[in-house]
Amino acid sequence: MPPVFSGGFIFLKFTLFLLKIACYNTICCIEAGRLQLNIAEEFTCLIYIVIALLVVALIVFVYVQSNGYNIVEYDLVTAKDIGSSVRFVMLSDLHDTDVTHDGNRQLLNSIESINPDFVILAGDMITSYMQSSYNSDVAFDFLKELAKRFTVYYGVGNHEQRYKAEPERFPGKYDKLVSFVEEAGIHFLSDSYIDSVDENVRIYGFDIPIDNYRRAVRTYLPEGIISDRLGNVDDNKYNILIAHNPDFFDDYVAFGPDLVLSGHLHGGIVAIPGIGGVISPQLRLFPKYDFGTFTKGKTTMIVSRGIGWHTIPIRIFNKAEIVSVTIRQDKKGETNGN
Ligand SMILES: [Fe+2]
């Protein structure tokens, strides 16, 4: 049973328990041959019924908020020669989730409806926990179907990184993942890049060190690590950097891409309208780069709220999302961020 359902089931049992208490006085009265409750008994029943109804309303609200997804569109402009326009879909943080409860078929159809030139995965397609509730077959089936329909570029997140960094805890998992995606025809970008020739786009995948995902402490990337691993951007191309954790935006800007794609924060799990996401996976409150676009110099960063979830299967005012990005060439030579 998916955790969101089991969580709802627990609340439902609690609600029934409250209703049982609410009816208790009535049943006692009937059994005692009294057909009417006194005022105190009526008031007690009323309180329990109101609480039970509020719990039911809360369950429905959380369920509706936590299920489904939006297609969020971004339009970017570049002065670079990309042959009029490029459209791609970005997904992050699937986390083994069957988003549409049908083996992700509806999710695949939604991506197809966007008619992208290619698809970019910005990490955490799998979940590197050992609980039985996470079934990587869900992610593998999705990746296989995705690769049948689209050209796919896959950058790694902290969960793929953990497979790699902790082989004693996850024996063979990283190698299995890499060989599976490569056999499926997916371009796995682990500290590497590839040129999408038709669109004059270069796509980089940067493996953020696993130490930079530590909780409750602020960490910093070693200076120059991105260019040490990936070289320098080619300014004749439109450069896209997949960097799963948006925390290091200044380092990404220094590397010099046109566009950075991140995820990881799941939009802060709960978002407060007008304020933003509440908490990051590093347990920092009100993270700066929670979702949406951020621009500095010539670099724009898009941070996805993610398409799935793990551990806390709840989203409030923070719908899961498919990101659709269209980049148009501006013949007048202007560039803008969104
Ligand atoms: Fe992540």
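Let us start with strand β13, residues 299-303: five of its five residues are buried, so the strand is largely enclosed by the rest of the structure. Here a residue is buried if 20 or more other C-beta atoms lie within 10 Å of its own, exposed if 12 or fewer, and partly exposed in between, with C-beta atoms placed from the backbone. Strands (E, at least two residues) and helices (H or I, at least four) are DSSP runs, numbered from the N terminus. Before going on, please note that this is a predicted model, in which local features need pLDDT of at least 70 and side-chain atom pairs count only at pLDDT 80 or more, while totals for chains, interfaces and linings use all residues. Residues are numbered from 1 along each chain as its sequence is written.

In a regular strand the side chains alternate between the two faces of the sheet. In β13, T299, M301 and V303 lie on one side and T300 and I302 on the other, and all of them are buried, so both faces are covered. Two strands count as paired if DSSP finds at least two bridges between them. Strand β9 (residues 259-262) pairs with β13 in the parallel sense over four bridges, and L259 stands opposite T300 in β13. Strand β12 (residues 292-296) runs antiparallel to β13 and is joined to it by five bridges; here T293 has I302 as its bridge partner. The hairpin of β12 and β13 has two residues between the strands, and G297 takes a positive phi near 60° in it.

Most residues other than glycine have a negative phi, and most peptide bonds are trans. H266, however, has a positive phi, near 55°. This residue counts as buried because it has 30 C-beta neighbours inside 10 Å.

A216 also has a positive phi, near 65°, in a residue other than glycine. It is placed in the loop between β7 and α7. With 7 C-beta neighbours inside 10 Å, A216 counts as exposed. R215 is in the loop between β7 (201-205) and α7 (225-230). R215 is exposed because 9 other C-beta atoms lie within 10 Å. What does R215 contact, leaving aside its neighbours within four places in sequence? Its partners are Q282 and L283, where a contact means that the C-beta atoms of two residues, placed from the backbone, lie within 7 Å. R215 and L283 are 68 residues apart in sequence, yet 6.1 Å apart in space, C-alpha to C-alpha.

Now for a helix. Six of the eight residues of α5 (residues 158-165) are buried, so this helix is largely enclosed by the rest of the structure. The buried ones are N158, H159, E160, Q161, R162 and Y163, and what covers them includes α6 (173-183).

Next comes an open sheet of six strands, in the order β1-β14-β2-β3-β4-β5, with mixed pairing. Its edge strands are β1 (69-78) and β5 (187-189), each pairing on one side only. Within the sheet, β4 (residues 152-155) and β5 run parallel and are joined by three bridges, with Y153 having H187 in β5 as its bridge partner.

Finally, let us step back to the whole chain. It has eight helices and 14 strands, and 38% of its 338 residues count as buried. Among contacts between residues at least 6 apart in sequence, 73% join residues at least 24 apart.
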